[in-house]
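Please read them alongside the coordinates.

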Amino acid sequence: MSPEAAPPAHPSPADKEKDASLKEILFYALGSVEGTLSNPFFNLINTLMIVALGMNPVFLGLILGIKTLWDGIADPLMAHVTDNARTRWGRRRPFILFGGVTRVLLLVAIFGFFPRDPSIKTNAALASEQTAAHATAKATDHTPSPVQASPAAAIANAPIPTPEAKTGMIDKIKLGIAEFKAAGNAYHREVIIYLLAACLLFTTLGTFFNVPYYALGIELCPSYDGRTRVVTYRSIVNKLGGFVSPWILPFCFLTIFTTVVDGLFWYGVICASVGVPATVLMVRYSKERLYLPPSGKKNAPGLLRSIWLTAKNVHFLKILLLYKIIGYSNGIFAQIGLFLSIYWVYSGDALAGATLGGYTGTLAALLTLISLPVINWACRRLQKHRALRYGIIWMSIGSALNWVLINPAHPYWQLVLPFFFSIGISSVFTILPTMMADVTDIDELRTGARREGMFGAVMGFLMKLTGTLEPVLAGVVLLIAGFDSTLGAHQAPETILRMRLMFSLIPAGLMLLGLIVLWRYPLTREYMAEVKEQLLSRRAAQAVADK
């Protein structure tokens with residue numbers, strides 16, 4: 001292997017190419033608490049607004065799509081700034097501190113000033129509707145309750161309203177646009193505009209935090225296995241936060257809050273009280289590594305060239321494709337599972353469906369937390385790419401089991417799913433970032449520059465650019481399935497069938513495409529050791545030349 005570009009700038013004298021201590025890694029991982037707690041807010045907007053406000057899922061998907069697109073545009077700009085910044089506090093930590101503190105405080109303001117209207121269903125009204133619905137069902141027939149009945153019986157015995165004439169997907173989208181423009185929907189328009197502005201501001205502040213934070217994670221441990229160690233501990237902290245996120249919906253639906261928006265506000269207060277000190281401690285105790293000397297700035301590629309060099313890296317593109325295969329397989333169909341649980345398994349009982357989701361999510365967080373040391377061991381024993389293959393297969397099995405285990409007759413069968421799916425998804429999203437860290441060493445050998453921030457940002461940009469369609473498609477697949485929020489628990493049998501297919505067998509098959517990408521993956525431990533030796537030699541030579 002021969003150098004392909006000018007040698008890179010040498011690291012600072014303090015950098016001994018040693019992995020960070022356990023204490024430093026733990027403080028770094030603590031910094032992810034803020035994002036773990038705050039990010040679920042906007043992932044839940046679709047569900048909350050559909051259930052409480054009866055809004056069209058396509059337009060809420062468009063909001064998240066625009067948010068994702070803006071996020072992708074802002075990331076490379078922030079990466080170029082942080083990769084080349086020179087401040088007395090470092091090139092990463094000042095941005096991390098500003099973004100982490102202001103983003104979580106913003107959430108409190110967003111839901112504190114959220115537009116209110118009498119049309120928002122109160123939590124007490126939602127609870128009363130479910131109580132009345134169950135009482136009516138028991139009084140009008142003698143069949144088992146929806147939780148105990150068979151899937152066919154649960155649908156057949158429900159009082160289904162007389163449906164309107166069938167319309168295609170395009171017609172439904174047109175109807176949704178017409179509904180949005182209707183004079184009587186002024187409040188919905190106000191909410192959509194408000195959420196769009198809030199999402200864009202939240203995303204901008206998130207960029208200040210996320211780009212330098214993940215770049216700092218690559219710098220902490222330069223070794224092949226050390227990088228897996230950093231991601232593992234970061235994932236452990238994320239999973240601890242994951243014990244909270246499944247309960248956001250049940251928390252927001254509690255009758256102690258007037259509406260779900262009030263629940264979100266108070267959860268935001270909790271997030272701020274935890275996220276702010278966690279971010280400050282991380283910035284205080286995590287050190288930066290692999291600085292470029294001031295003279296090295298002239299050797300760094302400009303913004304557009306840096307983006308181009310990153311985007312054409314073949315190893316980078318393979319990892320991007322893996323992210324998108326897994327992301328699309330899950331993201332497009334994810335919300336279908338919650339709607340199946342609420343409207344099919346529990347016949348429209350939002351609190352019961354969200355509560356079961358909370359139990360399932362808590363078990364999933366526990367299992368993924370327990371599995372992280374095993375994943376770390378598997379990466380050392382089998383190497384990263386081989387461990388990833390097993391994770392994809394295991395996750396695909398879990399997805400396929402949704403067909404059997406989401407069942408009105410046995411609602412708690414869903415607790416089996418985390419033993420397959422969540423462990424698989426944990427291995428995928430633990431291993432892929434460590435593989436990306438290896439790619440930055442290949443890039444330094446070829447370009448002569450350390451560009452951890454740009455790699456994370458371009459990855460984020462391309463993922464978000466392609467992911468812009470994901471929330472839109474998530475709303476569209478509901479329309480393709482025939483889902484109608486106005487029907488509540490009285491969805492047509494063919495709608496339930498299509499939703500079950502979209503939440504089980506279809507994504508399971510799509511995930512297995514990732515095995516093709518991993519065929520003969522070249523960045524093995526041995527190859528990366530050779531790359532590291534060449535980089536150390538080049539840095540030593542550059543250090544002598546700069547004296």
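**Notes on the predicted model**

1. The side chains of Arg227 and Asp438 form a salt bridge, with 3.4 Å from N to O; the term stands for a side-chain nitrogen of Lys or Arg within 4 Å of a carboxyl oxygen of Asp or Glu. Arg227 belongs to helix 11 and Asp438 to helix 20 (residues 421-447), so the pair ties together parts that are 211 residues apart in sequence. Arg227 is buried at a relative accessible area of 3%, and Asp438 is buried at 2%. Buried means under 20% relative accessible area, exposed means over 50%, and partly exposed is in between, with a 1.4 Å probe and protein chains only. Through shared partners, salt bridges join Arg227, Lys384, Asp438, Asp441 and Lys532 into one network.

2. On provenance: this is a predicted model, in which local features need pLDDT of at least 70 and side-chain atom pairs count only at pLDDT 80 or more, while totals for chains, interfaces and linings use all residues. Residues are numbered from 1 along each chain as its sequence is written, and side-chain values use heavy atoms, with hydrogens and water left out.

3. The chain has 26 helices and zero strands. Helices (H or I, at least four residues) and strands (E, at least two) are DSSP runs, numbered from the N terminus. Of the 547 residues in the chain, 54% are buried. The accessible surface comes to about 23,200 Å², and carbon and sulfur atoms hold 69% of that surface; areas come from the Shrake-Rupley method with a 1.4 Å probe, and for residues only the protein chains shown count as cover. Among contacts (heavy atoms within 4.5 Å) with a separation of 6 or more, 87% are between residues 24 or more positions apart.

4. Ten salt bridges are found in a search of the whole structure. One of them pairs Glu34 with Arg103, at 2.7 Å from N to O. This pair links distant parts of the chain, with Glu34 in helix 2 (residues 33-38) and Arg103 in helix 6 (residues 93-112), 69 residues apart. Both Glu34 and Arg103 are buried.

5. Another salt bridge joins Arg525 and Asp225, whose closest N and O atoms are 3.1 Å apart. Here too distant parts of the chain are linked: Arg525 is in helix 26 (residues 525-546) and Asp225 in helix 11 (residues 224-242), 300 residues apart. Arg525 counts as partly exposed at 22% relative accessibility, as does Asp225 at 29%.

6. How are two packed helices described? By the angle between their axes and the distance between the axes. Helix 17 (residues 350-382) and helix 18 (residues 384-400) pack at about 130 degrees, with axes 7 Å apart. The contact is made by Ala378, Cys379 and Leu382 of helix 17 and by Lys384, Arg386, Ala387 and Tyr390 of helix 18. Helix 17 and helix 18 are therefore oblique to each other. Axes are lines fitted to C-alpha atoms, for helices over the stretch in contact, and angles run from 0 to 180 degrees between N-to-C directions. Angles under 35 degrees count as roughly parallel, over 145 as roughly antiparallel, 65 to 115 as roughly perpendicular, and the rest as oblique.

7. Thr228 lies in helix 11 and is buried, with a relative accessible area of 1%. Leaving aside neighbours within four places in sequence, Thr228 is in contact with Asn376, Cys379, Lys384 and Thr434. Thr228 and Ile431 are 203 residues apart in sequence, yet their C-alpha atoms are 7.1 Å apart in space.

8. His315, in helix 15 (residues 314-331), counts as buried at 7% relative accessibility. Apart from neighbours within four places in sequence, His315 is in contact with Val439, Ile442, Arg446, Pro522 and Leu523.

9. A nonpolar surface patch is formed by Leu497, Leu501, Leu505, Ile506, Leu510, Leu513 and Ile516, with about 590 Å² of accessible area together. Patches are made of residues with over 30% relative accessible area and no salt bridge: like charges are joined within 9 Å, nonpolar side chains (Val, Leu, Ile, Met, Phe, Trp, Tyr) within 5 Å. Helix 23 (493-502) and helix 24 (505-511) each supply at least two residues of the patch, and helix 24 gives the most, with three. Leu505 is found in helix 24 and is partly exposed, with a relative accessible area of 44%.
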